[in-house]
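Colleague: I would like to learn how to read the core and the overall layout of a model like this one. Please take the features one at a time.

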Amino acid sequence: MSDTTPDQGWSELLFALPEFILSDANIDENGELVADVELPRGLQPCTRCGVIGLHPLHDWRSHTVRHLPVAGRATRLVWRKRLLTCLEGCGTFVERTASIAPSAVWSRAAARAAVAASQANIPIDTIRKEFGVGWNTVMRAVLAAAQQVAQVRPTRVGIDETVMTTGRLTTRRRQFLTALVCLDTSLVVAVTQGRDRGSAVRLLADHAPDAKVVACDLFSGFKSAADTLEDAVVVADVFHLVRLGLTALDEVRRRRQQQIHGHRGHRDDPLFRLRRVLRVGQERLGEDVIAKIFDRLRDADTDDEVAAAWVAVDLLRRMYQAPDRDTAHRRLVAFYEWAVTVDVPEVTRMATTIDTWQDEVFAFFDTRASNAPTESANVKIKSIRRAARGFRNCDNYRARILLHAGQPRSLPTTSRIRSYRFTTAA
Ligand SMILES: [Zn+2]
């Protein structure tokens, strides 16, 4: 690029294509910017033999591509291409450049911008309208970009399932995805179709073979999959354990409601009125408030079953507040003893479940690993599904997930154009 002309500068300024010369530009009847560009006459490699030289001009060709919008205006480039005759005599070939692939419908810059939009969870359909290309064109670029997402080998992972609704409305079947999430970065490492032991085993073997900690909810398939890893500690997620307790508490309250009143909770039923405050941890309530709740529970449920379940949930929460494993062990024993003493069926069932998962429950106190990063990634996964109004193709879903939730967000930095002001304008 020795003989820089002013026109070349314009192509760089407007289209970020420094290698082109802008020869003409106009607005067409649809309000689109149409720009005629061409490459400067120069050395080109022959596409067949690779010889670089000033091959003689044979003819001209025209190649129209979509490009990034300029000042909000849809833009297309009409590239006037040279058809050259090879100096070595192997025939004719057209010029090439890195910014526009041969026979592409859009420039590489436009494809990159579309991928960035998909990364920000903008639906493919919206992107394709903005760039004036087909849905498949955008999706192909997104699939290719997803393949380039850097693979990480996490040592602490969480595993969870999420719904992928599929099929037409009349034949809707529910299908599931299992996601593997790095607990240190909250990034999705990999996803696979299905939510059984097999898919979890594959995920762990392919993407986290050196994992030391695997956090999961109370699904035995995930636990047994994690057990296939040699030295991984399986941790039962805190949130799911406490939710198990709260579910049991709700069940007791509903059962007693039916037994006492013969109908489901109504607005003025005392047990129904307590339903929300019972979900609050007792450590957050004042002593007088707790005493008042116990009084109201005693009046509402003379058998004290709801109160017993409430105490059980509190004992479970207290176990998780323990500073170390031994304290937790003592507190869990207190919980078991309470469950045996009160003998409420729902509480007994909860205690049995926790007993089955006891090792994984205590593993929390050694690792302090929870599934919170996994659930956070799951929210992102679900927001992708909602933005796209559901997926039928698992590969497309996986690509969108990896782009949006599988890599650190890179925020563009800009220079500040106003100084900071501490008074707000009236
Ligand atoms: Zn050649």
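Colleague: Which residues touch the most other members of the largest nonpolar core?

Modeller: In soluble globular proteins, nonpolar side chains tend to be buried together. A nonpolar core is taken here as a set of buried Ala, Val, Leu, Ile, Met, Phe, Trp, Tyr and Cys residues joined through C-beta atoms within 7 Å. A residue is buried if 20 or more other C-beta atoms lie within 10 Å of its own, exposed if 12 or fewer, and partly exposed in between, with C-beta atoms placed from the backbone. The largest core has 95 residues, and Val-142, Val-157, Val-181, Val-188, Val-214 and Ala-309 touch the most other members. Helix H10 (residues 305-320) gives the most to this core, ten residues. This is a predicted model: local features need pLDDT of at least 70, side-chain atom pairs count only at pLDDT 80 or more, and totals for chains, interfaces and linings use all residues. Residues are numbered from 1 along each chain as its sequence is written.

Colleague: What does Ala-309 touch, not counting residues up to four places away in sequence?

Modeller: Two residues are in contact if their C-beta atoms, placed from the backbone, lie within 7 Å. With that sequence limit, Ala-309 touches Ala-248, Leu-249, Val-252, Val-344, Glu-346 and Val-347.

Colleague: Which elements cover the buried residues of H10?

Modeller: Helices (H or I, at least four residues) and strands (E, at least two) are DSSP runs, numbered from the N terminus. The buried residues of H10 include Glu-305, Trp-310, Leu-316 and Met-319. Among the elements covering them are helices H7 (238-261), H9 (287-300), H11 (325-342) and H12 (345-356).

Colleague: How many residues does H10 have, and what span does it reach?

Modeller: The expected span of a helix is 1.5 Å times one less than its number of residues. H10 has 16 residues and reaches 23 Å from its first C-alpha to its last, close to the expected 22 Å.

Colleague: What radius of gyration does the protein chain have?

Modeller: That radius is taken over C-alpha atoms, and the globule rule is 2.2 Å times the number of residues to the power 0.38. The protein chain has 31 Å, whereas a compact globule of 426 residues would have a value near 22 Å. Its C-alpha atoms fill a box of roughly 100 × 60 × 55 Å along the principal axes. Of the 426 residues, 32% count as buried.

Colleague: What distance separates the centres of domain 1 and domain 4?

Modeller: Domain bounds come from an automatic or database domain assignment. Domain 1 covers 6-104 and domain 4 covers 238-367. Their centres, taken over C-alpha atoms, are 71 Å apart.
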